[in-house]
Amino acid sequence: MNGMTPPEDSSQPRLATGCRWGAENKASNEERMILFPEGAIKLQGTGRQVLERCDGQRTFGQIITELQAQFSDADPAKIRADISQFLEQLRRKRIVDY
Amino acid sequence: MIIPNPLALIAEITHRCPLHCVYCSNPLEMAAVSSELSTEEWIDVFQQCGKLGMLHAHFTGGEPLARPDLTELIAGACAAGLYTNLITSGIGLAEARLQALVDAGLDHIQLSFQDSREEAANWIAGAKAHAHKIELSRIIRGHKLAFTVNLVIHRQNIDHLAEMIAFIEQLSPERMEIAHTQYYGWALKNRAALLPTRAQLDTAVEAVAAAEKRLAGRIRVDFVVPDYYARFPKACMGGWGRRLMLINPTGKVLPCHAAEVIPGLSFENVRDWSLEFIWQQSSSFQRFRGEEWMPEPCRSCDQRAQDFGGCRCQALLLTGNPEATDPACSLAPAHHIVEAALAEANSSTEISQPVAATSFVQLQKRAGELWSYRTNPE
C-alpha cells in the first residue's frame, strides 16, 4: 500500500486511537479542542461541525449531505472537496481514521 | 504584564532508570530517591495544571515505571483534565500494569527503542531490554491507546536507519519519532561517539523522506534533525518560559530539562509556591522570556520569532555564556565551536562494533574510552 486515498462515501470517519475532545470548559463556546499525543488543535466553525460528525457511525456521504444542507448557499461540490481534503490532512497527521 | 498560561507539563517523576543509555539527556547530577515528590504532592500539581488550562502531562524520567504509584499519578492527571502521555523504556511494564494504566486514563504511550538489532540495542542501552520492548509492543496494540515508537539515532546506528524504520513499521504504532541525539547531559559527555558525519545524515534524511511517503495515512513519521547540522537553531521548548513547564523529581520547576546547568538561576519548588506564581513571577522563567535578553545577531534577526535565539543551555554548555546566540546557529559568533565538533566528526567514518557483556560493570569496562554509560542516582 502506498500513499493516501481520500475518504469514500461509505467511509466512516472517526478520531484516531488516542485522539479525543478536550474538556468543554477549557474553551469558549465557539471553540473546542482536539487533543492528540504531541499537541492539540482548536476547532471552530465548519471544521468543528465536521469533526463532531466524525463519530465512526455516520458515513462520509452522510456528513457531506448534512453539511451541504446546513450551508445551502455554498457550492455543494466545493463543500465536498474541502471536507475531503480536510479529513485527508487529518488522517495524514493520524488524528482521524476512515 | 500577564503571561499566557503554559500548554503542557513535563513531569520528570524520578531519575531512577533500569537503562543506561549513552545519549541520556538527564543531568549528570541526578535527584536522589529520598528527595522525590510524594504521590499527593504530584496530584496537587496536576490539579493546579488543570486550573491553569494546561492540556498535556508528559510523564518522563528516568523511567516513570520506577515509581510504584504511577497508576495513581496517571489517574490524578486524568482527573485534572490533562491528556496523559507516558514516555517509557517499557521496563517494568507487562499486561496487568498496562491494563491498570489504561483504566486510569492513560491516553498515549511512547516506547523508546535503541536499535532494530538486539545486540546493538542492548549495547547502547547498557541493558538487556530489546526483547522485552518487542513483546510489550504487541501487548500495547491490544489496548486502546495511542502508540508512538521513539528511536534515538546517532553515529553508531544511523547507517541502518531504513532497516530500523522497517522494524518499527512491524510494531504498528500510529506514529514513529526518529530523533537525533541532542547534546546535553550524558550525550554531551559522549558526543564524539554520537555525532554523525554529513554523509550519514544525508542518507538518513533520504530514508526518512521515503518512509514518510510510503507510510502516509498509516504511520506518522516525525523527524528531529541534529541541530549541529542545521542552518538555524531549534526553537528549544518552543521558547523559554513560553509553552512548557518541567518539574523535576524533587519538585523544582524548570523551563527545560537542562536549565539547572545555567549558573546564577535559582528555581522555585512546588513545595513552596503555586505553579501559577512560579510561571508568572519566577525570575528564572523571566530571565530569557521574550526578546529583551537577546544579543545581536538575534535581536535584529528575522528568525527570532521562530527560534527564540535557540537553546540557552546549549549556549552555556558550549560557550560558557547563557546569553550567547545558540552556537548551532550558522549566524552565531560562536558557531566555530560547532563547526569544530563537526570537523572532528567528519574526519573519520569510523564506527564501533557492539559489545556484549554478562554484567553492566563488565560492559562499562569493555566500552573503554568510547562512551560513559548513564548511571543511577543514590
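Predicted model: local features only at pLDDT ≥ 70, side-chain atom pairs only at ≥ 80, totals over all residues.
Which residue is the bridge partner of A:Arg32 in β4(A)?

View 1. The bridge partner of A:Arg32 in β4(A) is A:Leu43. A:Met33 has its bridge partner in β4(A) too, and here it is A:Lys42. Altogether, five bridges join β3 (residues 32-36) of chain A to β4(A), and these strands run antiparallel. Follow the chain from β3(A) to β4(A) and you will find a hairpin with two residues between the strands.

**View 2. Chain A as a whole.** Chain A holds three helices and five strands, and from the N terminus on they run β-β-β-β-α-α-α-β. The radius of gyration of chain A is 13 Å, close to the 13 Å that the globule rule gives for 98 residues, so chain A is as compact as a globular protein of that length. Its C-alpha atoms fill a box of roughly 40 × 35 × 20 Å along the principal axes. Of the 98 residues in chain A, 29% are buried. Among contacts between residues at least 6 apart in the sequence of chain A, 49% join residues at least 24 apart.

**View 3. Two helices crossing in chain A.** Here helix α1 (residues 45-53) and helix α2 (residues 60-70) of chain A have axes that come within 10 Å and cross at roughly 145°. The crossing of α1(A) and α2(A) is right-handed. On the α1(A) side, A:Gln49, A:Val50 and A:Arg53 make the contact, and they meet A:Ile63, A:Glu66 and A:Leu67 of α2(A). By class, the residues of this contact divide into three nonpolar, one polar and two charged.

**View 4. A loop residue of chain A with positive phi.** Look for A:Arg94 in the loop between α3 (76-92) and β5 (96-97) of chain A. Although A:Arg94 is not a glycine, it has a positive phi of about 60°. Is A:Arg94 buried or exposed? A:Arg94 counts as buried, because it has 22 C-beta neighbours inside 10 Å and the cut-off for buried is 20 or more.

**View 5. Where chain B touches chain A.** In this view, 18 residues of chain B are in contact with 16 residues of chain A. On the side of chain B that touches chain A, β3 (83-88), β5 (146-153) and α9 (198-215) of chain B each supply at least two residues. That side of chain B has five nonpolar, six polar and seven charged residues.

**View 6. Backbone details in chain B.** The peptide bond from B:Gly61 to B:Gly62 is cis, with omega near 15°, and B:Gly62 sits in the loop between β2 (56-60) and α2 (70-79) of chain B. Another cis peptide bond runs from B:Glu296 to B:Pro297, with omega near 10°. B:Ser172, in the loop between α6 (161-170) and β6 (175-180) of chain B, is not a glycine, yet it has a positive phi of about 55°.

Technical notes. Residues numbered from 1 in each chain as written. Chains lettered and ligands numbered in written order. Helix = DSSP H or I, 4+ residues; strand = E, 2+ residues; numbered from the N terminus. Rg over C-alpha atoms; globule rule 2.2 N^0.38 Å. Buried ≥ 20, exposed ≤ 12 C-beta atoms within 10 Å, placed from the backbone. Contact = placed C-beta atoms within 7 Å. Pairing = 2+ DSSP bridges. Nonpolar A, V, L, I, M, F, W, Y, C, P; charged D, E, K, R; others polar. Axes fitted to C-alpha atoms, helices over the stretch in contact; angles between N-to-C directions. Left-handed = near helix turned anticlockwise from the far one by under 90°.
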